[in-house]
Amino acid sequence: MEKNYIIAGFGGQGVLFAGKVLANAFMLAGKNVTWYPCYGAEMRGGTVNCEIVVSDDEVSSVHKQDVDCVIALNQLSFDRFISRIKKGGMLICNSSLIEEIRPREDISYIFSPMTDKAVDSGNPKLTNMVSLGVLSNEETALNVEILEKAIDIVLPEERKKLAKSNMEAIMLGIDKLVTA
Amino acid sequence: MVSYSDKQLIKGNYAIAEASVKAGCECYFGYPITPQTEIGEYLSQRMYDLKRGYVCAESELAAINMVIGAVSTGAKAMTSSSSCAVALMQEALSYACSDELPVVLINVMRAGPGLGYIYPAQGDYFQSVYGGGNGDYKLTVLAPSNVQECIDLTYRAFYLAQKWRNPTMVLADGLLGQMMEPASFGEYPYPEVDNSSWALTGAKGREGRAIYSCARDEDEHNAKIRRLFEKYDLIAKEETTWEEFNTEDADVVLVAFGSMTRNIKAAMKVLRSQGIKAGAFRPVTLSPFPTERLNQLADSVDKFVVVEMNMGQMINDVKLAVNGKSDVKLVNRPVGEWLSVEEIVAGVKNIIGDKTYASV
Amino acid sequence: MQVFKIPESMKKGFKYTFCPGCDHGIAIRLIAELLDEMGLQEKTICATSIGCSVFLYDFLNVDCIEAPHGRAMAEATGVKRARPDKFVFTYQGDGDFASIGFAESSHAALRAENLTGICINNTTYGMTGGQHGPTTLIGQKTTTSPMGRFKETYGYPVRIAEHIALCEGTAFSARVALDTVPHINQAKKALKKAIQVQLDGLGYGFVEILSTCPTNWKMTPEEAHERVKNEMIPVFPLGIFKDKTEDN
């Protein structure tokens, strides 16, 4: 069973970092995983995304046209990736920055005011981590313990002190307030 | 459940860089170019910490020649670059083949021709396998398909370069360079090669040695080139490696190199699930090319479908190998987004004529 | 009393292949004498070049790596970084050093590589038959400037030693000639210093040697050496342009 995820947002929203945490988390959960960033031309206009492919077997390919799950942290990403989601796939949206509309009927949506939650918690930069919390509600392979360990792996030595606030943001995402 | 105790999630470029360190690379010389720049960035600090050699060279011309200088002394050394800048190194590679020097070169391919762009492509097959330099020579070329192989084949490149005294290239692409996957380094698995019979160490207790390609006698020159090609034959005999999947009963075999291997393996599974007897074949060494094995397979396989991110380069070698016994077709895109599994499946079905299998 | 002997650092029984009156022979002999006197032969690795200078390894009994045209300084850099305990020098013509290899030559100096560069300047591409090169004098006729080099189309000759002296990593840069005995003695002193700065780890040592090319200049050896004195030295003045050993 192979599944792929795209996390997308503005540069500065911590998209690649969140992707690395997610990839490490899946690795710790015993999955095969590949993380692939956009680079160069794709990054024009200030949007950044990365793809994470997770499989029980060998990961077949990356840079896939069809996506199982998209985490959109801003409106631009919502607009860009909604058409690439597979039928029956999922779109997780940061409703603080994305209008709550459902243009496609064949996919499921989760709207969560991630940036508002991050602001409330005192650190608007942690929108990315809130989104991982939201995703972990949907993924049986992910849990708090694994995500905590993944954050520890990804944070470089000099930034380890940020682990606590990152985990707090994930917990805010796990706390289901607005779903649909 | 897969055990990751010894694995770390690491980018292909960093995997190659650290593997070179573990392989005992004493000097790195390079010039920045996307999508391989992380190799030089990583090694600038790492080599400094280890008190090994690092130079951010003034050009790719200089970088590859610095490698030649370093390896001529018996040291392990390498450079890394990408397509249009590897083009600048072709003269030196021709020299290094003639001089029989164990140069290691990493090429993380981007899209050409000319400046092209930084997204991945596989347009350097000809440049790597047939060479852009002058004269008769052959590089040894290894093509990894995932991050673990970026490590394994970097190790092997250092070993083969030393063992055969022949420039050896790891031909990766932007996809591999930029992706992260769990991988483990282990220890450098190859023996050290004694190079005391030829390395430049100073003429102490012996006559001065000169390593040169300059030829002034036609007979000697002919003999030298024939000897080089006898060596290439030996390399082909002993070092040719490939992977094949489900080829025993296959009617159609997909052939790809490098990271496209992943996609043809996935496409093969889809085709099998739809009742099409598909196999997959992937040369690990592009030079030497697994000609003999493909020729054997052609006895039982109807069609070979070569899948490449270029306008059809490796397909020439597949055709030469198959030598008219079977049909060889191409599914390709010149540059950019990798051909998806779905596109490959559709391409293969189109080629074989889906109707044959309609009843399945 | 022995008044003449071939330096130990020369190959035994070498065949002299340069043209009569060419100064390569004197330059190579000076290098060989210095390798002997400074006890360097056994720890020397030389990066040779393309052009007449390529034949250095026929004469010098030291380890040599042949560089592609212009890349001698890059190869020397590789050798030195891999084996810092060796004495590493290049022996190049002006076309190799200051035209096709100008980037490598300048950057090796800028990086303060502990290397010694020796450049034979004979104002022409000798091996290919006397074409216009980076040091060809204004007015000089060559096979590719048959009307004589004029600045409007061909620009100006490069003063290599001055250029290298401008690079901060250069420890020593000088221009010498081989047309008279006093000049030859000066040349040997300069070469010794360019070697010594490397051994002392001070940086890049460089000597430009004004030389003859009687064949392509279409002159007798005597006339050729007159030309060095009358035409080359006025444009390429002899002297030391940088000497870090005197700064201290």
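**View 1. Buried area between domain 1 and domain 2 of chain B.** In this predicted model, domain 1 and domain 2 of chain B bury about 2200 Å² between them, with 56% of it on carbon and sulfur atoms. Buried area is the accessible area (1.4 Å probe) that two parts lose on being put together, summed over both. On the domain 1 side, B:Q122, B:Y125 and B:S145 lose the most area to domain 2, together 32% of what that side buries. Residues are numbered from 1 along each chain as written, and chains are lettered from A in the order written. Local features need pLDDT of at least 70, side-chain atom pairs count only at pLDDT 80 or more, totals for chains and interfaces use all residues, and side-chain values use heavy atoms, without hydrogens or water.

View 2. Domain 1 spans 8–184 + 213–239 and domain 2 spans 243–357; the bounds come from an automatic or database domain assignment. Their centres, taken over C-alpha atoms, are 27 Å apart. The contact (heavy atoms within 4.5 Å) takes 34 residues from domain 1 and 27 residues from domain 2.

View 3. Two salt bridges are counted between domain 1 and domain 2. A salt bridge is a side-chain nitrogen of Lys or Arg within 4 Å of a carboxyl oxygen of Asp or Glu. B:E149 pairs with B:R282 in a salt bridge, the closest N and O atoms being 2.6 Å apart. The most residues on the domain 1 side, four, come from α6(B). Helices (H or I, at least four residues) and strands (E, at least two) are DSSP runs, numbered from the N terminus.

**View 4. The interface of chain A and chain B.** Chain A gives 25 residues to the contact and chain B gives 30 residues. Together the chains bury about 2300 Å², 58% of it on carbon and sulfur atoms. In chain A, A:M27, A:Y39 and A:H63 lose the most area to chain B, together 26% of what that side buries.

**View 5. The salt bridge between the chains.** The rule finds one salt bridge across the interface of chain A and chain B. B:K265 forms a salt bridge with A:E58, and the closest N and O atoms are 2.7 Å apart. On the chain A side, α1 (15–28) and β2 (32–37) each supply at least two residues. The largest share, six residues, comes from β2(A).
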